[in-house]
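User: Hi! Could you walk me through this structure?

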Amino acid sequence: MSDAYLWLKAAHVIFVIFWIAGLFMLPRFFVYHMAAVPGSAEDVAWIERERRLLRIIINPSMIAVWLLGLTLAFLGDWWSWGWLHVKLAIVLALSGYHGWLAGLRKKLARGERPLTEKRLRILNEVPGIATIAIVILVIVKPF
């Protein structure tokens with residue numbers, strides 16, 4: 001294994017951690033945001049926090065995860081491995097979840113409250129479940 005490969009792998013893991021942490025934080029922000037009265041100073045503050053979290057941490061991290069992950073897959077020539085196909089499907093679904101959260105942020109910013117606090121707390125488990133599955137696939141490579 002070359003040093004470049006190891007640096008790419010380290011960067012991939014670092015950005016995965018940032019991305020998943022952000023996906024854990026954003027729904028939690030939404031729970032607190034929903035308690036704020038639309039148009040209040042608190043509401044405006046949550047809108048800005050959520051926007052910054054997405055723009056500064058979550059979006060760039062997701063892009064880095066995809067770029068680095070695909071680069072690693074090409075370098076490792078893993079395209080015939082079943083575990084990679086399943087991992088890519090999970091990461092694609094997680095990317096869709098990310099996009100859905102970004103859309104929900106816009107609704108909250110408009111004063112809409114489409115989900116209950118309980119539903120948001122349940123949805124907050126999505127990144128954790130995805131992370132468990134991905135780690136098992138990458139480390140154990142069951143197929």
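Predicted model: local features only at pLDDT ≥ 70, side-chain atom pairs only at ≥ 80, totals over all residues.

User: What does the secondary structure of the chain come to?
Analyst: Five helices and zero strands; these are DSSP runs numbered from the N terminus (helices H or I, at least four residues; strands E, at least two).

User: How do the axes of H3 and H5 cross?
Analyst: The axes of H3 (residues 82-109) and H5 (residues 126-140) come within 10 Å and cross at roughly 160 degrees. Axes are lines fitted to C-alpha atoms over the stretch in contact, with angles from 0 to 180 degrees between N-to-C directions. H3 and H5 are therefore roughly antiparallel, a term for angles over 145 degrees.

User: Which residues meet there?
Analyst: In H3, they include Trp83, Ile90 and Tyr97, and in H5, Val126, Ala133 and Val138 are among them. Contact means heavy atoms within 4.5 Å.

User: Switching topic, which residues of H5 are buried?
Analyst: Pro127, Gly128, Ala130, Ile134 and Leu137, where buried means under 20% relative accessible area (1.4 Å probe, protein chains only). The buried residues of H5 pack against H1 (3-34), H3 and H4 (117-123).

User: And what follows H5?
Analyst: Lysine 141, whose phi is positive, near 50 degrees.

Methods:
Residues numbered from 1 in each chain as written. Heavy atoms only, no water. Parallel < 35°, antiparallel > 145°, perpendicular 65-115°, else oblique. Buried < 20%, exposed > 50% of the residue type's maximum accessible area, 1.4 Å probe, protein only.
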